[in-house]
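Colleague: I would like to learn how to read a model like this one. Could we go through some features in turn?

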Amino acid sequence: MSIQAKYDPSKIEDKWYQYWMENNYFHSEPDEREAYTIVIPPPNVTGVLHMGHMLNNTIQDVLIRRARLKGFNACWVPGTDHASIATEAKVVNKLKEEGVQKADLTREEFLKHAWEWTDKHGGIILEQLKKLGASCDWDRTKFTMDDDMSEAVIKTFVDLYNKGLIYRGYRMVNWDPEAKTTLSDEEVIYEEKQGNLYYLSYAIEGSDEKVTIATTRPETILGDTAICINPNDERYAHLKGKKAIVPLANRVIPIIEDEYVDIEFGTGCLKVTPAHDENDKVLGENHNLEVIDIFNEDATLNSFGLHYEGKDRFVVRKEISKELEEKGFLIKTEQHINKVGTSERTKAVIEPRLSDQWFLKMEDLVKPAIKAVLDEDSDINLFPKKFENTYRHWMENIRDWNISRQLWWGQQIPAYYFGDGKEDFAVAETKEAALALAKATTGNENLKLDDLRRDEDALDTWFSSWLWPMSVFDGIRNPENEEIKYYYPTNDLVTGPDILFFWVARMIIAGYEYRDVKPFTNVYLTGLVRDKQGRKMSKSLGNSPDALKLIEAYGADGVRVGLLLSAAAGNDLLFDESLCDQGKKFANKIFNAYNLTQIWEVSDSVDQPEVAKVAIKWFQSKFQKALVDLEDQYSKYRISDALMITYKLIWDDFCSWFLEMVKPTYGSPIDKKTYDTVISLFEDVLKILHPFMPFLSEDIWQRMSDRSKEDALVISAWPETATIDETLLKNFEMIQEVVSGIRTIRKEKNIPNKDALSLIIVNNEKATEDLNAAIAKLGNIENISYSDEKVDGALSFRVKSNEYFIPMEGAIDIEAEIEKLTKELEYVEGSLKIVQKKLANERFVNNAPDQVVANEKKKEADAISKIETLKASLASLK
């Protein structure tokens, strides 16, 4: 290829991605190689690429590309999740805008709209991932509502039901009044919010006495069915067996006794509303209380809400507190901070609600999953390890999983009702199988398919995605198929800690239940992407950059590097766009290094110079050491550290030192032996760079030589390990310090780099002379000699115990340097006098803040040191 003056990612990214796709490099089929498998955390089907996806998928791509180079049969399975609550909400809103209500549609009609929405919006995020360079096996793309995936979910439900692990129960659940569905405990986010505590007066039936009760939710008094006191509370002993009257409702309710009531909290009296509080429900069951549900499914009040029927709960809270005050029932109001549960998806405030739901028993299912992660000889590793405590807490305090949702978008529960009773149902994979069960149960051979009514609820989205590592390889429907046996267990899972329980733990549970083996070996938990102020990125704050625009501005490789530069495992990433610019500059640096090698004239007749031999031996060992360090960092899933090793090796060692040593002098050719080795080493560098910067590395690789499709970088081999010359590396570190010393003197004394200098060494360290060729080339030294004594009238510096002298004669204008140093000395001495005058002033020292005095003393010490240095320099010049 012709030399391109500047690296332009926009011209090469689509080209090379298309090339990779056309040659099917990302596709995997079982063969004789060892498999390396990653399954993507399936993003919502209606989602678009955001910064969290960018980070997560960049890390996955780094791991999969490296595995491919290391000779594994690398398989990265992509896909999307149907996201029942989020997607149904979008479809419902779209229909509303068109003047259509969900309630006016049949299930089949609604699902038609949902599929249309999915077909239009679904998969956009997967196309966007291609822009990032994600090397997924796109032929294997799965969707959690694909027919085969849904069949696996239904099969699992039936199996667990037949094992006695799934049951239907009337329970207090978390109700999302916006989505109009239940949520599991893990889908509820608790936040501290400022509210009020309302002190209400309840009359005691048949007397003038009243009792005060404090509540944060005055609207729920309309559902009160008792007042509870502690039997040991002497203040209320006289109320035992009496009854109270609910304000506004004028309903008579019993006063019950239970030690659950905390005598010290509030007034010591508790209103009991069994339909709207988990603890009240337990009290209600223990005392056979009436249950009055005052809410509709959208959290407006129903007929039990009296004249507030049809109004929203929060509107009623304001209005009823005003009415209670006007009628003398509200004694006082205090500000009160309490924890409020909100829906993770819709952000609506959760309402506790009694409902018939389907549950999965978790107590026994979790045991293998706890052992797999937390035992000393654990099968599954969490990175970072600190998340084991979070995992332990969740798993050891697990409750039965509410797996039913009052939605239509999702896998419909395979329970078929054949009678009027709640227990008159059959669970089966098909309606025909359910009919056979119903006939067997009832003994009624006249039952027909039309007599069966399928449960309206859908399954929780996580009930499909917990099977993901197995179902993508058809391991549930066909547990002995070739692919599940080859690709499963998978190797690495990369995801966020926010779904450690939702998804990761449940996949582990399912893996042991259905294959009696872990679903993956390592779980890499990324941090959240925050802005540079530490705020979580969100649309509402307007602090989340457009991922595709970042790629447009900095190139995919630049953005990948920018994300990884500060993305330590498990720690939040403080994203700063300047990091992407740093990534772009890194790409330009590498491209310019390639261009440099292309402008050299190569000659067969030139001998290899000594400095080139030294440079090659040194960089080979430096590269090998980097390989060892990379292996260590990758094994610990320190991907950012692995990038930094690569970054420094290329920017510092390869570009700043190695190429400087081997490049020919201006106007001269480079010998072919050196040139071929430089290109070979450059190729090795591109291999370790490829996982991080796939587009740039492939582009330069292809420019270096005419390659066949079998020789593409994406499927080349990771560099082989070789011996490391530690002595050479150590000696070269000293050489680098010497060269830095020479360059510092040139800079300070304004000596042009083109002017050759002499160097005299007092070799106390007995440093090897083998590397002098490197000093001469890098420092433009025409003559290196040795001395037993210091050299007068020379500029000097020290490296360890060695002293290095550069004779000034011919190197600098001595008179001009003396004049410059004299002026600087006069200035520093003047500054010292001012500082010392301040410090001699007792009033200043006694009254100024300690830090100010300390700063002045530091100025004094710095000035004295500087004066000594300047006087010594002047003495050496005279």
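Predicted model: local features only at pLDDT ≥ 70, side-chain atom pairs only at ≥ 80, totals over all residues.

Colleague: What is used to describe two packed helices?

Modeller: The angle between their axes and the distance between the axes describe two packed helices. For α17 and α19 the crossing is left-handed. On the α17 side the contact is made by Gln 582, Lys 585, Phe 586, Lys 589, Ile 590, Ala 593, Leu 596 and Thr 597. On the α19 side Thr 646, Tyr 647, Ile 650, Trp 651, Cys 655, Ser 656 and Leu 659 take part.

Colleague: How do the residues of the contact of α17 with α19 divide into nonpolar, polar and charged?

Modeller: Nine are nonpolar, four are polar and two are charged.

Colleague: Now a single helix. Which residues of α4 are buried?

Modeller: The general idea comes before the case. An α-helix has 3.6 residues a turn, so residues three or four places apart point the same way. In α4 the buried residues are Arg 107, Phe 110, Ala 114, Trp 117 and Thr 118. They cover an arc of only 100 degrees around the axis, which puts them on the same side of α4.

Colleague: What does the buried side of α4 pack against, and which exposed residues are on the face turned away from it?

Modeller: The buried residues of α4 pack against α3 (84–97), β4 (142–143) and β21 (458–459). The face turned away from the buried side carries Glu 108, Lys 112, Asp 119 and Lys 120, which are exposed.

Colleague: How far apart are the end C-alpha atoms of α4, and what span should its residues give?

Modeller: At 1.5 Å a residue, the 15 residues of α4 (residues 107–121) should span 21 Å. The end C-alpha atoms are 21 Å apart, so the two values agree. Just after α4, Gly 123 has a positive phi of about 85 degrees.

Colleague: Which residues other than glycine have a positive phi?

Modeller: Asp 474 is one of them, with phi of about 60 degrees. Asp 474 sits in the loop between α13 (468–471) and α14. Another is Lys 800, whose phi is near 55 degrees. Lys 800 belongs to the loop between β30 (794–799) and β31 (802–807).

Colleague: Are Asp 474 and Lys 800 buried or partly exposed?

Modeller: Asp 474 has 18% relative accessibility and therefore counts as buried. Lys 800, at 46%, counts as partly exposed.

Colleague: Where is a cis peptide bond found?

Modeller: One runs from Phe 383 to Pro 384, with omega near 0 degrees. Phe 383 is in strand β15 (residues 381–383), while Pro 384 lies in the loop between β15 and α10 (387–396). Another cis bond joins Tyr 488 and Pro 489, with omega about 0 degrees. Pro 489 is in the loop between α14 (482–487) and β22 (492–495).

Colleague: Which residues is Phe 383 in contact with, leaving aside its neighbours within four places in sequence?

Modeller: The contacts of Phe 383 are Asn 522, Val 523, Tyr 524, Leu 525, Ser 635, Lys 636 and Tyr 637. Take Val 523: Phe 383 and Val 523 are 140 residues apart in sequence, and their C-alpha atoms are 6.0 Å apart in space. Phe 383 counts as buried because its relative accessibility is 18%, and buried means under 20%.

Methods
Residues numbered from 1 in each chain as written. Heavy atoms only, no water. Helix = DSSP H or I, 4+ residues; strand = E, 2+ residues; numbered from the N terminus. Expected span 1.5 Å × (residues − 1). Buried < 20%, exposed > 50% of the residue type's maximum accessible area, 1.4 Å probe, protein only. Arc of directions from axis to C-beta. Contact = heavy atoms within 4.5 Å. Left-handed = near helix turned anticlockwise from the far one by under 90°. Nonpolar A, V, L, I, M, F, W, Y, C, P; charged D, E, K, R; others polar.
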